[in-house]
Each structure stands twice: as C-alpha cells, then as structure tokens.
Amino acid sequence: MAIIDRAMLRPHDLIWGLTPNQLPTDAPAWVSEALGERPPVVIRRAPAEPGWLPVGVRGRGREQRYATWLRLDRLTRKVSPEALARARRWRRHAQSQWPVLRALGLLQARLDGCGLCWGPTGSAGFELASGLPALHPTSDLDLLLRTPAPLGREQARQLLMLLEDMPCAVDVQLETPNGGVALREWASGAARVLLKGREGPALVADPWRLAQ
C-alpha cells in the first residue's frame, strides 16, 4: 500500500482506497454499487478527525453525490488536477470531439502560459483519471487554478478573457491558501466574494487575507 503524506493531499485531489465495506450502514444502495467499480473519490473541503480524510463519492446521476470519510491508511493512490493536465489524456479520449474535451485542448497552451498550476476537476477530471464514464456531449468544463499568492482583480479579468470563445461553458475556481473562490466572481469587482473554506462558505473581501 502506498504511503502518502497527509500534507500532500488537497481538496479536489482524486484518491483510491474507499470500498463498500467501509461505508456507514445507512449509506444509500447506489453508493455501494458505485464503489464496486473501484472508482476514485474526491477529497472534500470539510473538518475531519486525525487520520481521516473527508471524501465525496460520485454516482451515475448528477444528484448522486455522497459525503463520507476515508481512513488515511486505506488510501492507495492519488491523482491531482494538475497531474491530469500534464498527462493530456483528453488527446487520446475516444470522444475527443466532444466540446468539453475540445475546450481542454484549446485552453492547454493558454493556461500553461499563465505561470500557474491548473487542471480539470468535476466530471472531466473524474473520467480522465479513472476511465469511468462521467462526461457527455453537453458537459461543462470545471477547472482549478492554484493561486498561492494574491491575484489582482485585473489579473483575474485577463484570465477570464482566456476562457472566451470556448465550445462549452467553463468554470474556473481559484484555489487560495484559505479555500476556493470563483474566478468569475473575483474578476467581477464585487466588494465581497464567496470563499469555500474548510469550515464552510463565507463572504470575504480578500480570499488571501482573511480578517482576524
């Protein structure tokens, strides 16, 4: 079994190791069925006891999402969004003509040139990491952009311009040290934006510098 440092695990990483026999007894039947395919689960942003990871299980339907916890010593493998970006698996996908995968190809050079780590999340990230079906011809594209240092509003607007003329809707989340914030919202100039943090969502003036 792989030994993975807890500090190297972050929200949106896909990890393997959760099996049906680890589920609570009141888990819906579809969760056990989904885990029977040995899929990855996604690390959630939530408090957890030492030695445990908050994770989410994805089902076949959009409404099928289940929050639970995975023991850290059961984890066998991890794939981050930026690792998926480096792998470029959308180029070899059987449905590479789908808008969501074409958008990934078009954005690759633009985002690589911005100097920040990025990668697909959501259904695109799940399918590219696991090979299990999650995408369809009308899928949107969810992306993560790691922004460890403050990103100015004008920089955010310039990044937003990179998403223009894409063949599908593209949603980018800026991942700050304090949580995630939507690029579109930060670029809008709103006085306060929604920050999704470990303790829950909060409206903040600056996602990188939280008021004490």
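This is a predicted model: local features need pLDDT of at least 70, side-chain atom pairs count only at pLDDT 80 or more; totals for chains, interfaces and linings use all residues.
Biologist: Which residues does UniProt list for the "domain: Phosphoribosyl-dephospho-CoA transferase MdcG N-terminal"?

Modeller: That unreviewed entry lists residues 10–81. The end C-alpha atoms of this span lie 10 Å apart, with 11% of the span in helix and 32% in strand.

Biologist: In what order do the five strands of the open sheet stand?

Modeller: The order is β4-β3-β2-β1-β5, and the pairing is antiparallel. At the edges stand β4 (65–71) and β5 (77–79); each has a single partner strand, so one side of each is left without a neighbour in the sheet. On average, neighbouring strands of the sheet are turned by 35° against each other, direction ignored.

Biologist: Over how many bridges do β3 and β4 pair?

Modeller: Strand β3, residues 52–58, pairs with β4 over seven bridges, in the antiparallel sense. A bridge can also be read residue by residue: Leu-53 has Leu-70 in β4 as its bridge partner.

Biologist: Which strands does helix α4 touch as it packs on the sheet?

Modeller: Helix α4, formed by residues 122–130, touches β1 (14–16), β3 and β5. The direction of helix α4 makes about 40° with that of β1.

Notes: Residues are numbered from 1 along each chain as its sequence is written. Side-chain values use heavy atoms; hydrogens and water are left out. UniProt positions are given in the numbering used here, feature names are shortened, and annotations may be inferred rather than shown by experiment. Helices (H or I, at least four residues) and strands (E, at least two) are DSSP runs, numbered from the N terminus. Two strands pair if DSSP finds at least two bridges between them. Axes are lines fitted to C-alpha atoms, for helices over the stretch in contact, and angles run from 0 to 180 degrees between N-to-C directions. Contact means heavy atoms within 4.5 Å.
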